[in-house]
Structures are given as structure tokens and as C-alpha cells.
There are 2 protein chains.
Amino acid sequence: MSETAKRARRGGPTIADVARHAGVSSMTVSNVLNGRSQRVSEATKERVLATLGELGYRVNLTARHLRTGRTGMVGLAVPDFTPGYYSELADRLADRFAAHGLRLVVERTSGRRSELESLSAARLSVYDGFVLSVVAGDTQDLEQLSVETPVVLIGERTVPARFDHVLMDNVTGARMATRLLIKRGARRIALLGGATGDGDSMPQLRTRGYLAAHRAARLAIRPELIRPGGFRRLDGFEQVRLLIEEEIAFDAVFALTDTEAMGALTALVEAGLRVPDDVQVIGFDNLSDTRFSVPPLSTVEPGNDRMADAICELLLSRMEEDGERRPAQVVMPAARLVERGTTRAG
Amino acid sequence: MSETAKRARRGGPTIADVARHAGVSSMTVSNVLNGRSQRVSEATKERVLATLGELGYRVNLTARHLRTGRTGMVGLAVPDFTPGYYSELADRLADRFAAHGLRLVVERTSGRRSELESLSAARLSVYDGFVLSVVAGDTQDLEQLSVETPVVLIGERTVPARFDHVLMDNVTGARMATRLLIKRGARRIALLGGATGDGDSMPQLRTRGYLAAHRAARLAIRPELIRPGGFRRLDGFEQVRLLIEEEIAFDAVFALTDTEAMGALTALVEAGLRVPDDVQVIGFDNLSDTRFSVPPLSTVEPGNDRMADAICELLLSRMEEDGERRPAQVVMPAARLVERGTTRAG
DNA sequence: GACGCGAGGTTTATCGTTAAATCTCGGCGT
DNA sequence: ACGCCGAGATTTAACGATAAACCTCGCGTC
């Protein structure tokens with residue numbers, strides 16, 4: 001009776017229920033569940049397994065977690081769910097963690113708040129490990145963040161030295177991209193999403209590469225070609241339209257992200273400009289979609305697979321029994337150019 | 001000493017630690033934490049709050065969950081992180097649940113296994129509610145799925161009547177899209193991603209709408225125009241290329257998803273065909289990106305916002321104290337045409 | 001015959017939090 | 001003087017699973 005009431009209130013049968021039905025102790029059931037077969041005879045094991053199936057038992061992960069301290073879940077915080085760099089990263093990471101018996105779950109760093117909200121709160125306690133992208137977050141907040149959950153940071157910001165950190169070589173990548181455009185004949189390269197200043201945000205770093213390539217080639221920097229704004233498809237589209245509308249001459253576009261480059265491409269086609277004959281275009285990130293634009297987009301491959309590998313390895317090593325002691329590491333794979341159809345042939 | 005050891009082993013301070021430092025009982029701390037201020041005097045409250053900050057206490061969600069049965073988390077299972085439709089859905093849902101103090105976390109229904117893996121296992125026990133898209137999953141498996149966690153299904157498959165279910169009007173939407181193309185003069189409409197047969201998978205349903213519109217217009221159905229395959233950008237791109245290569249005449253394209261339509265658009269442009277003059281194009285889903293293609297894509301809006309509303313409402317009502325009794329509901333918002341630049345003007 | 005040993009169990013004590021019941025004590029009505 | 005009240009706390013008992021310590025035999029050994 002009280003048992004029925006319990007069942008109705010919440011949850012299915014517990015280990016104790018199974019134990020009672022099978023005429024054994026809870027621990028024996030637990031041992032069967034966890035495959036500790038040395039401690040259980042073949043006969044009892046059979047009996048327990050039968051009862052397990054009969055009652056439709058499901059392990060309660062929350063309880064197990066409280067006791068063992070492991071959930072088998074790794075969290076990934078992304079700025080938003082829209083497809084692009086982070087969804088591809090998520091897929092890559094999910095594969096890798098799955099290979100280690102861990103499941104990846106993705107959370108959005110809620111719209112307006114800083115990422116830190118998603119850390120500082122107790123939210124982390126649910127995960128065995130956490131991957132956090134530091135985009136808008138303030139380095140300050142990170143400093144005073146104390147968590148026991150292993151964390152790997154991704155992103156370009158300078159972060160406290162105690163964190164493992166995986167990042168792209170933004171400056172070099174951007175310099176390579178710009179240099180390629182110059183080498184292929186471009187003289188007036190529009191920079192979409194650019195941001196000057198000596199901070200270390202992604203746009204600032206990539207802009208720095210853009211500027212460095214210009215200086216190296218002794219090419220004048222034209223401030224009117226550095227277009228600020230977001231990095232979405234729409235932003236690329238609008239910035240190119242504005243350039244044309246304002247009659248600012250340009251013969252190449254370096255968009256800070258592939259998504260933005262795709263938008264730029266669209267605007268160019270719409271305006272009747274030929275790519276790469278009239279205007280060359282290059283992006284950054286090497287998203288899988290970029291192979292299927294027209295023409296296929298030239299871009300910077302920031303070492304996506306190596307980054308995913310590194311994130312996974314670093315986090316796993318921290319999650320091990322005594323991996324806590326190892327000093328924090330910084331991994332920055334080399335960037336590489338992918339020349340496709342939006343830049344002229346060498 | 002033993003306290004230090006404990007701290008070092010795992011986790012920060014517990015309620016008990018705080019209580020000891022503040023010279024009160026655990027319950028008093030708990031009451032302060034949960035804002036049950038009627039039970040705590042102003043003075044003690046101050047003291048506890050001070051100690052809380054001093055020790056850097058963070059609530060352990062797992063323990064709370066075990067005790068209260070609530071996590072404050074809602075799960076969403078998607079087939080992949082990358083496709084556009086699910087990312088947009090996830091963003092929509094995250095906003096809505098956030099407004100109710102719940103956080104949405106997204107899981108991938110692991111690559112090859114059926115979605116049911118993500119349900120049948122204990123994984124669900126972590127969530128207060130779960131949204132599951134039934135794409136490849138077998139209806140059979142769903143039948144024998146017994147969980148206490150409230151679940152809302154999304155997707156086109158017929159599902160057991162005991163589940164709340166939100167779906168698109170695939171047939172009508174596809175019929176409307178096809179009819180529009182015919183009305184605008186199309187006579188040979190290629191169907192990308194089509195699948196005949198009387199199943200109720202998304203492609204089959206949308207194909208049914210395509211066929212129905214043809215019959216209604218007494219327009220011959222040409223089997224060579226029904227192109228099977230996936231629904232990604234690449235698939236749309238390749239199918240159009242194949243059509244051209246095989247010299248199959250067509251004057252319109254109905255792509256089963258917007259993503260695929262974008263790929264088709266690219267291939268058409270590349271082939272020098274003008275849209276919508278030579279070939280009209282229409283997609284399905286009304287992804288936000290489609291506004292920024294060239295020309296902007298005409299498409300079918302399946303009622304995305306209403307679907308998100310419905311999913312949220314249904315799940316929330318099930319999550320309430322005694323919402324379990326309400327009979328299961330099926331919600332299917334009306335589809336609506338969005339005429340943009342890839343179809344001719346009326 | 002005392003002892004050790006290991007296979008196959010069971011008991012006990014938590015993990016951190018909270019619902020519910022219980023305690024304490026000064027004030028107040030009759 | 002006695003009972004009652006209620007604000008402000010405390011104590012107790014879970015939630016479900018499991019690590020660690022502890023039983024209990026039957027059997028082989030010196």
C-alpha cells in the first residue's frame with residue numbers, strides 16, 4: 001500500500017524494491033548492476049536480473065551522482081544555439097566524449113548575462129567537466145571563480161593562468177588570409193567585423209593580423225575599409241551592401257567569420273560583382289558549409305580537429321583521479337589556409 | 001583537520017559547514033537559502049548570509065534534486081547539433097523555458113543509435129521534463145518506453161496516444177508550396193529529398209503534399225523529377241547539379257528543407273540559371289537565414305513560434321503537481337506560405 | 001584442531017539537502 | 001497558576017545508491 005503510494009508519487013522502483021522482490025540485499029543488486037560479478041554467484045545474478053527486468057528498474061542517476069560524485073556528463077556552454085562555429089564544435093566534442101563513455105550536453109550562456117553566470121552558479125555541479133567559451137565574459141569574473149569541476153576554456157581572451165585553455169591562432173590566421181589576398185592582387189581589402197584597439201577579443205586579434213599583413217606588404221591601411229559590426233550572415237550581407245552604396249572602392253573582402261563571409265558573398269552576387277574576378281573573398285573558421293557556397297569559400301582553418309582533441313584530452317586528464325595537480329596548459333594549434341574558389345588561383 | 005581533508009577531496013563547503021561557522025543548525029541555513037524568511041529572525045539571517053559569502057558556499061544541485069525531485073532543467077534531444085531547424089527551435093525553447101526559471105540543455109541523440117537510447121536509459125532522470133524529436137526512432141520502441149519524466153514529442157511520426165505531441169502540417173504545407181509554384185507557371189517541379197511510400201516520415205508526408213497538388217492541378221507527375229537523398233545544403237546542391245547534368249528539364253524546385261533549398265539555389269546560380277525567371281525555388285521551415293539568400297527564399301512557415309509555445313505549455317502543464325492526469329494532446333499549427341524572391345510575383 | 005582464506009553475502013554509514021515534526025520560551029488571557 | 005500561542009529555532013528522517021567494513025561458511029593446511 002505505502003509502496004503503491006510511493007510509486008505513484010514519483011519514480012519507479014528503487015534498488016531496495018528490487019532487492020526485496022529478489023530476496024537479497026540492496027548491495028547485491030547494486031553489485032549486479034555495476035558488473036561486480038566476483039561478488040555475486042551466477043544463480044543470484046540471474047535472479048536479480050530477472051527481477052530487474054520484471055519491475056522495470058531504472059537507475060536513478062541523481063542518487064548515484066550524489067554518492068559517487070560522477071554524472072557521466074560533460075557540459076559545453078555556447079553563446080547561442082544558432083548553427084555555425086559552435087554547433088560544429090559541439091558535434092566534434094560530442095563524438096570524442098562519447099568514445100570515452102561521456103555524454104556532452106550543450107547549454108546556452110543565457111542571452112544577456114555573462115558566461116560566468118553559467119559557471120559561478122551551482123549549475124556546474126551537475127557536470128563531471130565543463131567546456132566554457134570565453135567570448136564576452138569578463139576576465140575579472142573568471143579570476144574569482146572557484147569551482148571544483150574541471151574546466152577547460154576556449155576562446156581568445158587572456159585568462160587566469162590556472163585554467164587549461166585552448167585557443168586559435170587568430171593573429172597569424174588573419175595575417176595569412178590577408179597576405180594571400182594581397183599576393184593574389186588585392187589592394188583594397190575590406191575587413192568585415194573588424195575592431196581596432198589593443199584588447200584581445202577575437203575581432204581585435206584578427207584585425208591585428210589584417211593590419212600586420214598590410215604593414216608587411218607596405219600597403220596603405222584605409223580606415224574606411226574596416227567595417228565594424230557583428231559576424232552573422234546578415235552582417236556580412238549588409239556591410240557589403242553599405243560599401244557598395246557608399247561607393248567605397250574595394251577589390252577583396254576578409255570577413256572575420258565564415259558565416260559573415262557567406263553573407264558577403266550573397267551581397268556581392270546580388271550586386272552583380274564576380275567572385276573572385278572583381279572581388280576576392282576569404283573567411284575564417286572553415287565551417288563545413290563553406291565548401292558548398294558558390295564559389296566555394298576560401299578560408300582559414302584554425303585547427304578545428306586539433307582543438308577538439310586538445311579540449312577533450314585536457315578535460316579528461318583533469319577529470320582523472322589526481323589530474324588536479326598538473327599545471328595548466330595552453331594549446332594553440334597552427335592555422336592553415338584553405339584556398340578554394342573565392343580567391344584567385346596562384 | 002578532517003574538515004580540511006574533506007574540502008580537499010571534493011566540493012566546497014556544505015550547508016553543515018556554514019551552519020557550524022554561523023552557530024546555527026543546517027535547517028536555518030537551508031531556510032535562509034530558500035527565502036523562508038518567516039522562520040528566521042532578521043539577525044540570524046544576516047549572520048548566515050555573511051557566513052555564506054565568507055565560505056563561498058554553493059548549493060549542491062544534485063543533493064537538492066535527490067531530496068526535492070526537481071532539477072530545474074529541461075532536456076531537448078536533437079538528431080544533430082548542426083542542422084538549422086533544430087538550432088532555431090532550441091533557441092526558441094530556451095527563451096521560453098528561461099522565462100519560467102528553467103534552463104534548457106540540448107543533447108544529441110547519439111549518432112547511430114535510435115533516439116530511444118536517450119530516453120530509455122536513465123538519462124531522463126536528470127530532467128524535470130524532456131522534449132524529444134522523433135525522426136528516425138521506431139514507434140515500436142516508444143510504445144514500451146515507460147518514464148515518469150514528462151515528455152513532449154515533436155516530429156511527424158505517428159506516436160503512441162499517451163504522449164503529448166507537437167507536429168507540423170507537413171502535407172498541407174507541401175501542397176501549398178507546390179500549388180504556389182504551379183500557380184506561378186511551373187510545370188516541371190523537381191522535388192528534392194522526396195520519398196514515396198505511405199509511411200509517415202517527414203519526406204513521405206511532404207512528398208504526399210507535392211503529389212496531391214499535382215493531382216489537383218491535373219498536372220502529370222514525372223518520376224524522374226522526384227529526387228531522393230538527404231536534406232542538407234550539400235544534398236540540394238548535388239541534386240540540382242545532377243538534374244542539369246542528366247539534362248532533365250525542370251522549371252521549379254521544391255526542396256524539402258530550407259537548408260537544402262539554399263544548396264539548390266547555389267547550384268542554380270553556378271549553372272547560370274536565373275531565379276526565379278528560369279527556375280523558381282521554394283523551401284520548407286522558414287529558417288531565419290532564408291531571408292538573406294539571393295534572392296531571398298520563398299518558403300513554408302510551419303508555425304515555428306506556435307510550435308515552440310505549444311511544446312512549452314504542454315510540458316509545463318505536465319510538470320505541475322497533478323498535471324499527470326490530463327489526456328495527451330496533439331498540436332499541429334497551420335502552415336503558411338512566405339512568398340519571397342525565389343518564386344515569381346503573383 | 002586452530003587457523004587462514006576466499007567466495008558470496010549483508011550491514012552500516014554516508015553523499016548534501018530539505019520536509020515534517022518537535023522543542024523552547026516569553027507573553028497573554030482567564 | 002495554568003494552558004495556549006506562535007515566532008524562532010532544532011532534530012529526525014528520509015531521497016536512492018554505494019564504499020567500506022563486516023559477517024558466515026566450507027575447505028584446505030600445518
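I began with B:Met307, which touches B:Val166 and B:Pro333, leaving aside residues up to four places away in sequence. Contact here needs C-beta atoms, placed from the backbone, within 7 Å. I note that this is a predicted model, where local features need pLDDT of at least 70, side-chain atom pairs count only at pLDDT 80 or more, and totals for chains, interfaces and linings use all residues. Residues are numbered from 1 along each chain as its sequence is written, while chains are lettered from A and ligands numbered from 1 in the order in which they are written.

I placed B:Met307 in helix H13 (residues 304-319) of chain B. Helices (H or I, at least four residues) and strands (E, at least two) are DSSP runs, numbered from the N terminus. Is B:Met307 buried or exposed? It counts as buried, because it has 20 C-beta neighbours inside 10 Å. The cut-offs are 20 or more other C-beta atoms within 10 Å for buried, 12 or fewer for exposed, and partly exposed in between. I also looked up B:Leu93, 214 residues from B:Met307 along the chain; their C-alpha atoms are separated by 9.6 Å.

Next, the chain pair. I found 44 residues of chain B in contact with 45 residues of chain A. On the chain B side, H5, helix H6 (84-98), strand E2 (103-108), helix H11 (233-245) and helix H12 (258-270) give two or more residues each. H6(B) has the largest share, 6 residues. That side divides into 17 nonpolar, 16 polar and 11 charged residues. Ala, Val, Leu, Ile, Met, Phe, Trp, Tyr, Cys and Pro count as nonpolar, Asp, Glu, Lys and Arg as charged, and the others, Gly among them, as polar.

I then checked the strands. E2 (residues 103-108) of chain A joins E2(B) through 3 bridges, and the two run antiparallel. Strands pair if DSSP finds at least two bridges between them. A:Val106 stands opposite B:Val106.

Last, the DNA. I asked myself which residues are closest to DNA strand D. Near means a C-beta atom, placed from the backbone, within 6 Å. H3 (26-33) and H5 (61-68) of chain A, with H3 (26-33) and H5 (61-68) of chain B, each supply at least two residues of this surface. H5(A) gives the largest share, 5 residues. I read the make-up as 10 nonpolar, 12 polar and 4 charged.

Technical notes. Contact = placed C-beta atoms within 7 Å.
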